[in-house]
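Reader: Could you show me how to read a few features here? I would like to begin with a helix and then move on to strands.

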Amino acid sequence: MKYCIIIARVWAVEHALFKGRKGEYIASGGSNLNKNMIKIGLMGFGNIGTGTYATLEMNRDHIKSSTGIDFEIIKILEKDVDRKRDIVVPGDIYTQNPDDLFLNPDIDIVIELLGGIQPATDLMLSAMNKGKHVVTANKAAVAANYDELR
């Protein structure tokens, strides 16, 4: 079941980030950003976050060949940066400060993987208010705060 959730989430992320013609992608709000490299920030690195990271990295070549777009995950917001994980990522990619994602001019898209209504909603709103595109599959946060998030 967990594997299906991760695949569904990655499918949603891939389609939200990369749906469109080769060489361009459609992000939230339907805006076209003509880029060949997308810089991504992740919010949350628990089971779903690590699974999403691993699946995106595992499918990098497929995503690039089918869209013409490459991506790089450059920051991960995580409260427990010292926790032992079954996945290896560079240590300098972790942060406990949301502004390291929201104020970073290199990050194009923030993917919310925290779950729950709060602090996920506030963090998504902060990211959008700073001009970031946000991808989430967080039904609880969207249902509870649809008017604010749209």
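Reader: Which residues of H2 are buried?

Author: In this predicted model, the buried residues of H2 are Gly49, Thr50, Gly51, Thr52, Tyr53, Thr55 and Leu56.

Reader: And how many Å should helix H2 span?

Author: Count 1.5 Å a residue: the 12 residues of helix H2, residues 47-58, should then span 16 Å. The C-alpha atoms at the ends of H2 are 16 Å apart, so the two values agree.

Reader: Now the strands, please. What is the general idea for their side chains?

Author: Along a regular strand, side chains alternate between the two faces of the sheet. Now look at E4, where 7 of the 8 residues are buried, so to speak mostly covered.

Reader: Which way do E3 and E4 run, parallel or antiparallel?

Author: Strand E3 (residues 37-43) and E4 run parallel, joined by 7 bridges. Within E4, phenylalanine 71 stands opposite isoleucine 38. E4 is also joined to E5 by 2 bridges, and these strands run parallel too. There, isoleucine 76 has tyrosine 94 in E5 as its bridge partner.

Reader: Where is proline 90?

Author: Look in the loop between strand E4 (70-77) and strand E5 (94-95). Proline 90 has a relative accessible area of 45%; buried means under 20% and exposed over 50%, so proline 90 counts as partly exposed.

Reader: How far apart are proline 90 and lysine 75?

Author: In sequence, proline 90 and lysine 75 are 15 residues apart, while in space their C-alpha atoms are 9.8 Å apart.

Terms used: Residues are numbered from 1 along each chain as its sequence is written. This is a predicted model: local features need pLDDT of at least 70, side-chain atom pairs count only at pLDDT 80 or more; totals for chains, interfaces and linings use all residues. Side-chain values use heavy atoms; hydrogens and water are left out. Helices (H or I, at least four residues) and strands (E, at least two) are DSSP runs, numbered from the N terminus. The expected span of a helix is 1.5 Å times one less than its number of residues. Buried means under 20% relative accessible area, exposed over 50%, partly exposed in between (1.4 Å probe, protein chains only). Two strands pair if DSSP finds at least two bridges between them.
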